Amino acid sequence: MSNVYIILEPVFNVPGRRLAGKSQKEVLAVAFQRPKIALIGGGQIGGVLAQLSALRELGDIVMFDIVENLPRGKTLDIAEAAGVDHFDVRLIGTNDYRDIAGADLCIVTAGLPRKPGMSREDLLVTNAKIIKTTGENIKQYAPDSQVMVISNPLDAMVTLMQHVTGFPPNRVYGQAGVLDSSRFATFLAWELGVSVKDINALVLGGHGDRMVPLVRYANVGGIPAMELLERKYGNPFKAREIMASIVDRTRKAGTEVVSLLKNGSAFYSPAAAAIQMATAVLHDEKRVLPACAYLDGEYGVRGYYVGVPVVLGKDGVERIVEVTLNEEERGMFQHSVASVVKLIDDMRRLGFLTAAVDETLFSRPEHELKLIG
Ligand code: APR
């Protein structure tokens with residue numbers, strides 16, 4: 001048993017799998033099982049998530065949606081590409097929550113996307129009702145899973161998901177920062193005429209117009225992006241103006257796509273970002289990536305989900321990584337957190353957060369924004 005355990009230990013670095021108390025036969029049976037990914041929501045993002053997961057053989061996929069037959073049609077279509085793309089994973093589409101049983105990771109995109117003229121916050125009431133139902137079903141049918149939420153308004157929906165499932169906060173997180181940072185990196189690469197692969201760019205805060213692209217930390221192969229912009233324009237004022245326009249475009253990037261698509265919001269890039277996070281978890285990579293994570297005093301915030309860099313591995317959010325912020329950055333971060341706080345207050349007012357599923361997190365008196373002194 002112990003040899004088998006040692007050899008196969010990496011295989012068990014998958015959330016939701018427990019070795020304790022298992023016989024050698026059971027250990028071997030689980031060892032050769034692919035991770036199970038439940039996609040809750042089979043719309044635009046759900047579809048791309050299924051296809052990318054299959055192409056990368058990330059795990060077996062179950063796609064759930066309330067629209068009859070839609071997930072079956074989508075997964076069948078994707079599965080039929082296996083003869084061309086040569087992936088060996090199973091894809092199932094379902095309208096029955098029981099099929100998510102045993103999922104290692106649930107990725108939730110259930111909910112309405114934005115239409116032109118709408119802010120992410122405008123989706124609050126509609127999507128909160130949907131997240132409440134999906135959370136209850138995840139709790140019932142996949143109680144050992146981790147949950148990655150993508151539905152908007154992101155920070156509020158992640159909070160609600162944790163509240164409804166009662167899962168430990170490290171097992172419930174949201175995707176936004178990887179996408180926002182990717183958008184920031186892409187715009188910088190275009191401006192500087194360099195490969196996006198060499199850009200490190202980080203966006204903190206809530207997933208809204210007040211998000212905080214960290215200009216001071218943005219670099220190209222270690223060289224500060226501001227320095228390169230100054231060299232390009234030979235003028236620090238012009239460089240700052242260009243950077244400000246990149247920051248502004250990053251903050252409004254989702255809205256830009258919505259206004260072009262007219263009847264939906266971005267889906268390729270959010271799916272790609274979520275797949276990077278899912279890979280980090282399912283392969284226990286310990287990647288340092290921005291995620292919407294529960295803060296318990298870090299960054300001077302206690303009791304809220306906010307976008308910050310974290311270490312992502314088999315236990316989900318394994319650690320919060322604190323970045324030193326100067327006064328200006330801290331001010332912007334606090335401004336962004338304030339809009340998350342407002343959303344949470346709205347949810348409380350609307351009755352979504354009153355049933356204290358997790359007393360320790362959301363109903364304790366110190367549940368308030370604590371700013372860094
Ligand atoms: N349970 C499961 N699925 C649901 C439910 C529910 N209660 N209600 C709606 N859905 C499904 C819809 O049937 C639809 O197929 O969620 C899917 C959402 O897909 P799209 O409308 O195509 O939206 P998408 O672009 O995928 O975005 C989903 O992610 O980025 C956010 O703002 C975006 O909130 C939106 C979410």
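1. Contacts of Glu57. In this predicted model, Glu57 makes contact with Phe87, Asp88 and Val89, once its neighbours within four places in sequence are left aside. Glu57 belongs to the loop that runs between α3 and β2 (60-64). The residue is classed as partly exposed because 13 C-beta neighbours fall inside 10 Å. A further separation may be checked on the display: the C-alpha atoms of Glu57 and Pro35 are 9.6 Å apart, and these residues are 22 apart along the chain.

2. Backbone at His86. His86 is not a glycine, yet its phi is positive, at about 55 degrees. The residue sits in the loop between α5 (82-85) and β3 (91-94). His86 has 9 other C-beta atoms within 10 Å and is therefore exposed.

3. Backbone at Tyr299. Tyr299, also not a glycine, has a positive phi of about 55 degrees. Its place is the loop between β12 (287-296) and β13 (302-313). Tyr299 counts as buried because it has 22 C-beta neighbours inside 10 Å. The reader may wish to inspect both residues: His86 is exposed, whereas Tyr299 is buried.

4. The cis peptide bond. The bond from Asn152 to Pro153 is cis, with omega near -5 degrees. Pro153 lies in the loop between β5 and α7. Asn152 is also listed among the residues closest to the ligand.

5. The ligand shell. The ligand is surrounded by 28 residues, and the closest of them are Gly43, Gln44, Ile45, Ala110 and Asn152. Two elements, α3 (44-55) and α6 (124-141), each give two or more residues to this shell. The largest contribution is that of α6, with 4 residues. By residue class, the shell holds 12 nonpolar, 14 polar and 2 charged residues. Domain 1 (34-174) and domain 2 (176-373) both supply residues to the shell, so the ligand lies between them.

6. Helix α6. This helix has 18 residues, and the distance from its first C-alpha to its last is 25 Å, close to the 26 Å expected at 1.5 Å a residue. Its buried residues are Leu124, Asn127, Ala128, Ile130, Ile131, Thr134, Gly135, Asn137 and Ile138. These buried residues pack against the strands β1 (36-40), β4 (105-108) and β5 (146-149), and against the helices α7 (154-165) and α13 (327-349).

7. The largest nonpolar core. This core has 105 residues, of which Leu39, Cys106, Ile107, Met148, Met277 and Ala278 touch the most other members. Helix α12 (residues 268-282) provides the largest share of the core, with 9 residues. At least three residues of the core come from each of domain 1 (34-174) and domain 2 (176-373). For Ile107, the residues touched are Ile37, Leu39, Leu49, Met148, Ile150, Ala274 and Ala278, when residues up to four places away in sequence are not counted.

8. Overall composition. The protein has 373 residues, and 46% of them count as buried. Its secondary structure comprises 14 helices and 14 strands. Among contacts between residues at least 6 apart in sequence, 68% join residues at least 24 apart.

Notes. Residues numbered from 1 in each chain as written. Predicted model: local features only at pLDDT ≥ 70, side-chain atom pairs only at ≥ 80, totals over all residues. Near = placed C-beta within 6 Å. Nonpolar A, V, L, I, M, F, W, Y, C, P; charged D, E, K, R; others polar. Domains from an automatic or database assignment. Expected span 1.5 Å × (residues − 1). Buried ≥ 20, exposed ≤ 12 C-beta atoms within 10 Å, placed from the backbone. Contact = placed C-beta atoms within 7 Å. Core = buried A, V, L, I, M, F, W, Y, C linked by C-beta atoms within 7 Å.
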